[in-house]
Amino acid sequence: MEPRLDFLTNPVSAGFLKHLVSAGRTLVDSPLPATTRELVALRASQINGCGFCVDMHTKESARAGETAVRLNLLATWREATVYTEAERAALELAEQGTRIADPAGGVTDEAWANAAKHYDEDQLAALVSTIAAINAFNRLNVLTRKPGGDYEPGQFG
């Protein structure tokens, strides 16, 4: 598959991407655990069918020490025993925040309250920002058909 547009070299999209990446980098220093951040990014990318981001976040998660079992079971996290209650709350929030146009109508109060039980306000802010950022990246990649498979861990810093 060939990408429709190389948004890394186009001056308009490259400028936009620069700011989006910069915003995303602020989350690295947030109090949200890195493993949670990566799991959320990977799960949203799976839902959105973004091959590039699935490739990237699978490899980055493994590089950070995530186990193959947890990565392989992520699409079925509700039925898996390898995730903490806090991770489950984050994944539920990520799924509902990614599927905002689905019949359920966005994020339920129950999903929000469950996440708030496990994460403080700064962590929630980072979690919500992570969900918003990965959905933006997914849309860029899906719209332009950026293929997955060639990502090298650490490629973007």
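Predicted model: local features only at pLDDT ≥ 70, side-chain atom pairs only at ≥ 80, totals over all residues.

Reader: Which residues of α2 are buried, and against which helices do the buried residues of α2 pack?

Author: In general, residues three or four places apart point the same way, because an α-helix has 3.6 residues a turn. In α2, the buried residues include Thr 36, Leu 39, Val 40, Leu 42 and Arg 43. The buried residues of α2 pack against α3 (51-63), α4 (68-73), α5 (85-98) and α7 (121-144).

Reader: How is a pair of packed helices described?

Author: One gives the angle between the two axes and the distance between them. For α3 and α7, the axes come within 8 Å and cross at roughly 130°; these helices are therefore oblique to each other. Phe 52, Cys 53 and His 57 of α3 meet Ile 134, Phe 137, Asn 138 and Asn 141 of α7 in this contact. Its residues comprise four nonpolar, three polar and no charged.

Reader: At what angle do α6 and α7 pack, and what is the handedness of their crossing?

Author: Helix α6 (residues 109-118) packs with α7 at about 130°, the axes lying 9 Å apart, and the crossing is right-handed. The contact joins Trp 112, Ala 115, Ala 116 and His 118 of α6 to Gln 123, Leu 124 and Val 128 of α7. Five of the contact residues are nonpolar, two are polar and none is charged.

How values were computed: Residues numbered from 1 in each chain as written. Heavy atoms only, no water. Buried < 20%, exposed > 50% of the residue type's maximum accessible area, 1.4 Å probe, protein only. Helix = DSSP H or I, 4+ residues; strand = E, 2+ residues; numbered from the N terminus. Contact = heavy atoms within 4.5 Å. Axes fitted to C-alpha atoms, helices over the stretch in contact; angles between N-to-C directions. Left-handed = near helix turned anticlockwise from the far one by under 90°. Nonpolar A, V, L, I, M, F, W, Y, C, P; charged D, E, K, R; others polar. Parallel < 35°, antiparallel > 145°, perpendicular 65-115°, else oblique.
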